[in-house]
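This briefing goes through one protein structure by topic. Please look over the sequence and the model before reading the notes.

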Amino acid sequence: MPFNLQSNEGSPAGLRLAVALLIVYVVWGTTYFAIGLALQSMPPLLMNGARFALAGVIMLGWARWQGQAWPTRVQWRHSALIGALMAFAAMTLVVLAQRLGIGSGLMATVVTTMPMWLALWTRWGGEPVPWTSWLGLVLGASGALLLAMEGDFSATLLGTLCAFGAPLCWSLGSYASRKLDLPPPAMASGAQWLLGGALGLGVAGLFEPQARHFDWGQVTLLSWLAWGYLLVMGTLVTLNAYLWLLKNTTAALAGSYSFVNPLVALWVGVAIGGERLTGWVFVAMPLILLALLFILYGRSGVVSAILRFCRRLGGARAVA
């Protein structure tokens with residue numbers, strides 16, 4: 001059965017779910033813009049590795065302050081695997097794709113494959129995935145594809161490989177975090193980020209020429225502000241919310257952020273970057289909304305929502 005948000009309205013769990021989804025939908029939709037600003041004066045591997053390593057230290061300190069025990073040896077191994085897939089591989093591939101000239105339209109479209117990969121791993125792992133969730137994922141990806149018509153589809157071969165590799169790595173790490181033995185949430189997040197960030201710093205030192213003798217004094221104030229936003233909001237706040245969703249709701253709902261984020265990113269571009277909209281956005285938005293309804297409520301919920309809308313529309317016409 002799909003997760004029914006309506007049945008949990010007013011309950012602490014339902015409110016927490018709604019807040020977590022709102023954070024993931026909105027904040028991660030703004031991080032594409034922030035990454036572009038940070039990359040103006042920071043090398044990508046070093047920028048990403050430092051972000052997650054520092055976030056990991058902060059979260060581990062927070063977890064210890066709360067009295068949480070250190071992870072066991074097995075939990076450290078599991079955290080290392082998830083951190084390598086999500087904090088290092090997936091996020092590094094995203095920033096590399098942007099640095100290698102992947103257009104915003106193509107990047108937004110490719111990211112929508114993540115929840116489909118995650119649903120596939122979930123199904124292969126023996127968990128049922130309702131057909132309404134599959135339909136919602138297809139509708140969401142279609143909406144994001146139309147939305148991407150607003151962006152830039154420029155690409156390079158290496159950049160395209162990085163772009164497609166990012167959601168694949170992210171989905172594998174997401175699925176592993178649902179299945180593997182991990183410590184409590186704060187300790188698990190800290191361990192994954194610290195190990196993934198440390199791996200990123202090591203790779204930057206070995207393979208990124210700019211990182212070997214990088215002068216942090218040359219980083220502009222704008223890049224520092226963007227990097228701080230990525231650290232606090234993009235990682236400490238939103239990634240924690242996403243990891244909580246993976247443990248407490250369906251894979252399809254947890255991954256639905258990937259076709260809402262492009263919509264948010266587009267409006268950020270309009271508000272801050274001075275971008276202009278064409279008609280595609282007004283076709284894409286209803287598709288994305290319908291996709292969310294299918295994932296949240298299933299077939300019966302969607303039919304009920306459509307009937308309520310039609311009744312209200314009919315009542316409004318009668319009054320007019």
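Is Trp 121 buried or exposed? Trp 121 is buried, with a relative accessible area of 14%; buried means under 20% relative accessible area, exposed over 50% and partly exposed in between, with a 1.4 Å probe and protein chains only. This is a predicted model, in which local features need pLDDT of at least 70 and side-chain atom pairs count only at pLDDT 80 or more, while totals for chains, interfaces and linings use all residues. Residues are numbered from 1 along each chain as its sequence is written, and side-chain values use heavy atoms, with hydrogens and water left out.

**Confidence**

- The protein chain has an average pLDDT (the predictor's confidence in each residue, from 0 to 100) of 80, and 76% of the residues score at least 70.
- Among the elements, the lowest mean pLDDT, 63, belongs to helix H13 (residues 280-319), and the highest, 95, to helix H2 (residues 44-65).
- Residues 1-10 have a pLDDT below 50, and this stretch has 25 contacts in the model beyond near neighbours in sequence; contact means heavy atoms within 4.5 Å.
- Where pLDDT is low, the predicted coordinates should not be read in detail.

**Overall make-up**

- The protein chain contains 13 helices and zero strands; helices (H or I, at least four residues) and strands (E, at least two) are DSSP runs, numbered from the N terminus.
- Of its 320 residues, 52% count as buried.
- Of the contacts between residues at least 6 apart in sequence, 90% join residues at least 24 apart.

**Helices H2 and H3**

- The axes of H2 and H3 come within 9 Å and cross at roughly 145°; axes are lines fitted to C-alpha atoms, for helices over the stretch in contact, and angles run from 0 to 180 degrees between N-to-C directions.
- On the H2 side the contact includes Asn 48 and Phe 52, and on the H3 side it includes Ala 87 and Phe 88.
- Ala 87 lies in helix H3 and counts as buried at 5% relative accessibility.
- Leaving out residues up to four places away in sequence, Ala 87 touches Asn 48, Phe 52, Ile 82, Gln 192, Trp 193 and Gly 196.
- Ala 87 and Ala 198 are 111 residues apart along the chain, and their C-alpha atoms are separated by 9.8 Å.

- Buried residues of H8 include Gln 192, Trp 193 and Gly 196, and what covers the buried residues of H8 includes H2, helix H3 (73-99), H9 and helix H10 (221-248).
- Glu 208 sits in the loop between helix H8 (185-207) and helix H9 (209-212).
- Glu 208 is buried, at a relative accessible area of 7%, and touches Pro 43, Pro 44, Leu 45, Leu 46 and Val 203, not counting residues up to four places away in sequence.

**Aromatic rings**

- Rings of Phe, Tyr and Trp (its six-membered ring) pair if their centres lie within 6.5 Å; planes under 30 degrees apart count as stacked, over 60 as edge-to-face and the rest as tilted.
- By this rule there are ten aromatic pairs.
- The rings of Trp 117 and Trp 121 are stacked, because their centres are 5.3 Å apart and their planes lie at 20°.
- Trp 117 and Trp 121 are four residues apart in helix H5 (residues 114-124), so about one helical turn separates them.
- Trp 117 is partly exposed, at 31% relative accessibility, whereas Trp 121 is buried.
- Trp 28, Trp 170, Tyr 242 and Tyr 257 are linked into a cluster by ring pairs.
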